[in-house]
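Keep the structure open beside you as you read.

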Amino acid sequence: MVHLVYCDNKEKVLEKILDGSKTMIVRGAAGRKIPHSRVFDEEILYFMKKGSKKISAKARVKNVQNFLKLTDQEIKETLEKNQDKLMLSEKQKERWHKKCLCLIEFDNLEEITPLDFDHQGNMDDWLIIEKIEDVVVGTSIPYNYEKSKFK
């Protein structure tokens with residue numbers, strides 16, 4: 001599977017990824033939700049700045065850490081321990097202070113010729129798809145939410 005990751009434009013997440021200062025991304029929630037337990041080493045991440053409708057970079061998943069039922073202290077320690085890769089602002093630390101966390105480290109980053117994203121309704125900030133062409137204008141298919149459900 002491949003993953004399309006929406007990058008927060010206000011926090012300049014994609015810029016930090018592209019300049020090499022950010023080599024890990026985080027997603028979290030009160031309970032287990034996508035992409036928790038659904039990202040694996042060697043899979044491909046595609047990055048898109050939120051609101052741009054342009055997929056402009058890709059990388060390879062190097063390492064994934066999934067956490068469940070973290071205490072407040074464990075959340076702080078987990079984010080702090082990975083801060084040199086996450087490069088989170090104070091606002092982002094607050095946003096990702098969640099009991100279930102998924103930390104995804106990546107490498108082999110490359111900028112790509114921007115692909116036009118075919119936005120469909122009800123999409124989250126993380127999509128799990130078979131191939132990137134499934135969400136590109138001209139080759140897209142209706143998004144299959146079955147692939148994003150937990151078994």
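## The sheet

Six strands make up an open sheet, in the order β2-β5-β4-β3-β1-β6 and with mixed pairing. Strands here are DSSP E runs of at least two residues, helices are H or I runs of at least four, and both are numbered from the N terminus; two strands pair if DSSP finds at least two bridges between them. At the edges sit β2 (24-29) and β6, each pairing on one side only. From one strand to the next, the twist averages 35 degrees. Axes are lines fitted to C-alpha atoms (for helices, over the stretch in contact), with angles from 0 to 180 degrees between N-to-C directions.

This is a predicted model, in which local features need pLDDT of at least 70 and side-chain atom pairs count only at pLDDT 80 or more, while totals for chains, interfaces and linings use all residues. Residues are numbered from 1 along each chain as its sequence is written, and side-chain values use heavy atoms, with hydrogens and water left out.

## Around β1

Strand β1 runs parallel to β3, and six bridges join them. Val5 stands opposite Phe47 in β3 there. With β6, β1 pairs in the antiparallel sense over four bridges, and Val2 has Ile129 in β6 as its bridge partner.

Strand β6 is covered on both faces: Trp126 and Ile128 are buried on one side, Leu127 and Ile129 on the other. Buried means under 20% relative accessible area, exposed means over 50%, and partly exposed is in between (1.4 Å probe, protein chains only).

## Aromatic pairs

Rings of Phe, Tyr and Trp (its six-membered ring) pair if their centres lie within 6.5 Å; planes under 30 degrees apart are stacked, over 60 edge-to-face, and the rest tilted. By this rule there are two aromatic pairs. One is Tyr6 with Phe117, edge-to-face at 5.9 Å centre to centre and with 85 degrees between the planes. This pair links distant parts of the chain, 111 residues apart: Tyr6 is in β1 (residues 2-7), and Phe117 is in the loop between β5 (100-116) and β6 (126-129). Tyr6 is buried at a relative accessible area of 10%, and Phe117 is buried at 4%.

Phe47 and Phe106 form a tilted pair, 5.3 Å centre to centre with 55 degrees between the planes. Phe47 lies in β3 (residues 44-49) and Phe106 in β5, so the pair ties together parts 59 residues apart in sequence. Both Phe47 and Phe106 are buried.

## Helix α2

Helix α2 (residues 72-81) lies across β2, β4 (54-67) and β5, running at about 40 degrees to β5. Its residues Ile75, Thr78 and Leu79 are buried. Down the axis of α2, the buried residues fall within an arc of 95 degrees, so they line one face of the helix; the arc is that of the directions from the helix axis to the C-beta atoms.

What covers those buried residues includes β2, β4, α3 (83-86), α4 (90-95) and β5. The face of α2 turned away from its buried side carries Lys76 and Lys81, which are exposed.

## The whole chain

In total, the protein chain has four helices and six strands, running β-α-β-β-β-α-α-α-β-β from the N terminus. Of its 151 residues, 44% count as buried. Among contacts (heavy atoms within 4.5 Å) between residues at least 6 apart in sequence, 71% join residues at least 24 apart.
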